[in-house]
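Subject: Structure handover and notes

Dear colleague,

I am passing on the structure we spoke about, together with some notes on what was found in it. Please read the notes with the model open beside you.

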Amino acid sequence: MKKEELARMIDHTYLKAYATEKDMEKLCAEARKYHFAMVAVNSCQSERCARLLKDTDIHVGAAIGFPLGQQTIETKAFETEDAIKNGANEIDYVINITELKDKNYAYIKKEMETIVDICRKHNVISKVIFEICYLTEDEIVTLAEIAKEVKPDYIKTSTGFGTFGATIEAVKLMKKTVGDSVKVKAAGGIRTLEDALKFIEAGAERIGTSKGVEIIEAFDK
């Protein structure tokens with residue numbers, strides 16, 4: 001793998017509650033310098049980042065229902081539409097974990113279909129965040145099987161705000177379940193070049209990390 005190929009697999013992330021305008025300027029400047037795939041930000045930063053990344057092929061990824069996923073479908077749908085209107089061209093939304101735990105799979109499928117349909121209508125990439133730290137293996141498989149039917153662009157391990165982030169085992173299980181129907185994004189706790197390469201080898205095609213700069217600079221060394 002070339003350095004440029006790795007950079008285009010990285011979602012350069014800054015999701016802190018206290019993010020300032022200077023933080024967003026720095027994030028987007030780094031994304032330009034290293035040519036990352038996208039910047040991952042809270043949805044209220046969509047317009048600012050879209051403006052900072054104008055005339056580039058670097059996407060703006062808005063986090064929806066973040067980080068707990070405990071909003072109604074209608075609320076997440078509105079947030080998705082609003083983020084896209086303000087310049088987001090990738091959407092990472094958190095599932096309603098309560099409904100999954102209660103085995104309300106019809107709700108989970110409806111939620112996924114609603115957000116994925118909005119993304120398709122606007123030609124925007126969709127990613128479904130599982131938050132694996134709260135799920136059993138059976139729940140991960142069930143959720144991945146629903147995704148295999150609905151076909152978002154990606155299923156994603158974690159928000160980075162749970163009790164732990166991505167694991168190699170979860171990425172392998174997710175990829176085994178969806179096959180080539182859906183891509184897998186690993187996020188949460190990925191801090192080194194070694195970490196990133198292990199997750200890519202396990203089947204991840206995107207890496208969400210706030211350590212993208214360090215990862216790419218380690219590649220040169």
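**A charge over a ring, and the charged network**

Lys127 sits over the face of Tyr154, 5.8 Å from the ring centre; a charge is taken to sit over a ring if NZ of Lys or CZ of Arg is within 6 Å of the ring centre and within 35 degrees of the ring normal. Please keep in mind that this is a predicted model, in which local features need pLDDT of at least 70 and side-chain atom pairs count only at pLDDT 80 or more, while totals for chains, interfaces and linings use all residues. Residues are numbered from 1 along each chain as its sequence is written, and side-chain values use heavy atoms, with hydrogens and water left out.

The structure holds 20 salt bridges, a salt bridge being a side-chain nitrogen of Lys or Arg within 4 Å of a carboxyl oxygen of Asp or Glu. In one of them the side chains of Lys185 and Asp11 meet at 2.7 Å, N to O, and this pair links distant parts of the chain, with Lys185 in strand 7 (residues 183–187) and Asp11 in strand 1 (residues 10–13), 174 residues apart. Helices (H or I, at least four residues) and strands (E, at least two) are DSSP runs, numbered from the N terminus. Lys185 and Asp11 are both buried, where buried means under 20% relative accessible area, exposed over 50% and partly exposed in between (1.4 Å probe, protein chains only).

Asp11 also forms a salt bridge with Arg206, again at 2.7 Å, N to O. Because Asp11 lies in strand 1 and Arg206 in strand 8 (residues 206–209), this pair ties together parts that are 195 residues apart in sequence. The relative accessibility of Asp11 is 0%, and Arg206 is likewise buried, with a value of 7%.

Lys26 is exposed, with a relative accessible area of 52%, whereas Glu30 is buried, at 17%. Elsewhere, salt bridges that share partners join Asp11, Glu90, Asp92, Lys127, Lys156, Lys185 and Arg206 into one network.

Glu99, in helix 5 (residues 97–101), is buried yet has no salt bridge, the nearest side chain of opposite charge being that of Lys76, 9.4 Å away. Not counting residues up to four places away in sequence, Glu99 touches Asn104, Tyr107 and Ile108, contact meaning heavy atoms within 4.5 Å.

**Aromatic pairs**

There are two aromatic pairs in the structure. Tyr34 and Phe36 form a stacked pair, 5.7 Å centre to centre with 25 degrees between the planes; rings of Phe, Tyr and Trp (its six-membered ring) pair if their centres lie within 6.5 Å, and planes under 30 degrees apart count as stacked, over 60 as edge-to-face and the rest as tilted. Tyr34 is buried at 15% relative accessible area, and Phe36 is buried at 0%.

Phe66 and Phe161 form an edge-to-face pair, 5.5 Å centre to centre with 85 degrees between the planes. Phe66 lies in the loop between strand 3 (59–64) and helix 4 (73–85) and Phe161 in the loop between strand 6 (154–156) and helix 8 (168–178), so the pair ties together parts that are 95 residues apart in sequence. Phe66 is buried, at 17%, while Phe161 is partly exposed, at 42%.

**Nonpolar cores**

The largest nonpolar core has 66 residues, and those with the most contacts inside it are Val39, Ile91, Met112, Phe130 and Ile155. Such a core is a set of buried Ala, Val, Leu, Ile, Met, Phe, Trp, Tyr and Cys residues joined through side-chain atoms within 4.5 Å. Apart from this core lies another, of five residues, among them Leu15, Ala63, Phe66 and Ile129.

**Backbone**

Lys103, although not a glycine, has a positive phi of about 60 degrees, and its place is in the loop between helix 5 and helix 6 (105–121).

With kind regards

Technical notes:
Lys, Arg positive; Asp, Glu negative; His and termini not counted.
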